[in-house]
Amino acid sequence: MAGNIVSGKAVGEWVAAKVGGVLQDNSTAIGLERNGQLVAGVIYESWNRRSIVCHIAITGKITLGFMRAICRYPFDVCRVHKVIGPIPSSNEKAIENAIRIGFQEEARIKDADPDGDIILFTLTKDKCRFLGVRYGK
């Protein structure tokens, strides 16, 4: 189940297309590529030194190395206190994945998505499963 961790504008465009967004000029994207195809990616944007917003797209199996990379970037490189992940309330799989990573629902914006609410999930370094003793090494 190996894959290559990649970054760049093409990764960001892939993620943006999957989540129905638009890639911002000053964003950073990290992806997981397998057999020349992206299977997962994250866009980080709106960094303000205290927090950063992320958008995640997953279409295939992900690796522990990818999870560590996407968790280390905001906390160890950008040194933010909190990662914010807006997720439509209708996207149950994304909500399950966010909770599995360690995100917690912090706020809900009613009727802000065509299919319901937008839920703001947040993650702090101490709650991130992939930076602790078990996975973070």
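Reader: Why is Asn35 called exposed?

Author: Its relative accessible area is 75%. Exposed means over 50%, buried under 20%, and partly exposed in between (1.4 Å probe, protein chains only). So Asn35 counts as exposed. One caution on the source: this is a predicted model, where local features need pLDDT of at least 70, side-chain atom pairs count only at pLDDT 80 or more, and totals for chains, interfaces and linings use all residues. Residues are numbered from 1 along each chain as its sequence is written, and side-chain values use heavy atoms, with hydrogens and water left out.

Reader: What is the phi of Asn35, and where does the residue lie?

Author: Phi is near 55 degrees, a positive value in a residue other than glycine. Asn35 sits in the loop between strand 2 (28-34) and strand 3 (37-45). Strands are DSSP runs of E, at least two residues; helices are runs of H or I, at least four; both are numbered from the N terminus.

Reader: What makes Arg49 exposed?

Author: The relative accessible area of Arg49 is 63%, so the residue is exposed. Arg49 also has a positive phi, about 80 degrees, although it is not a glycine. Its place is the loop between strand 3 and strand 4 (51-58).

Reader: What makes the lining of the largest cavity nonpolar?

Author: Its residues divide into eleven nonpolar, no polar and no charged. Among them are Tyr44, Cys54 and Pro74. Ala, Val, Leu, Ile, Met, Phe, Trp, Tyr, Cys and Pro count as nonpolar, Asp, Glu, Lys and Arg as charged, and the others, Gly among them, as polar. Helix 2 gives the largest share of this lining, four residues.

Note on methods:
1 Å grid on protein atoms, 1.4 Å probe; cavity = no way out; pocket = protein on both sides within 12 Å on 5 of 7 lines; lining within 4 Å.
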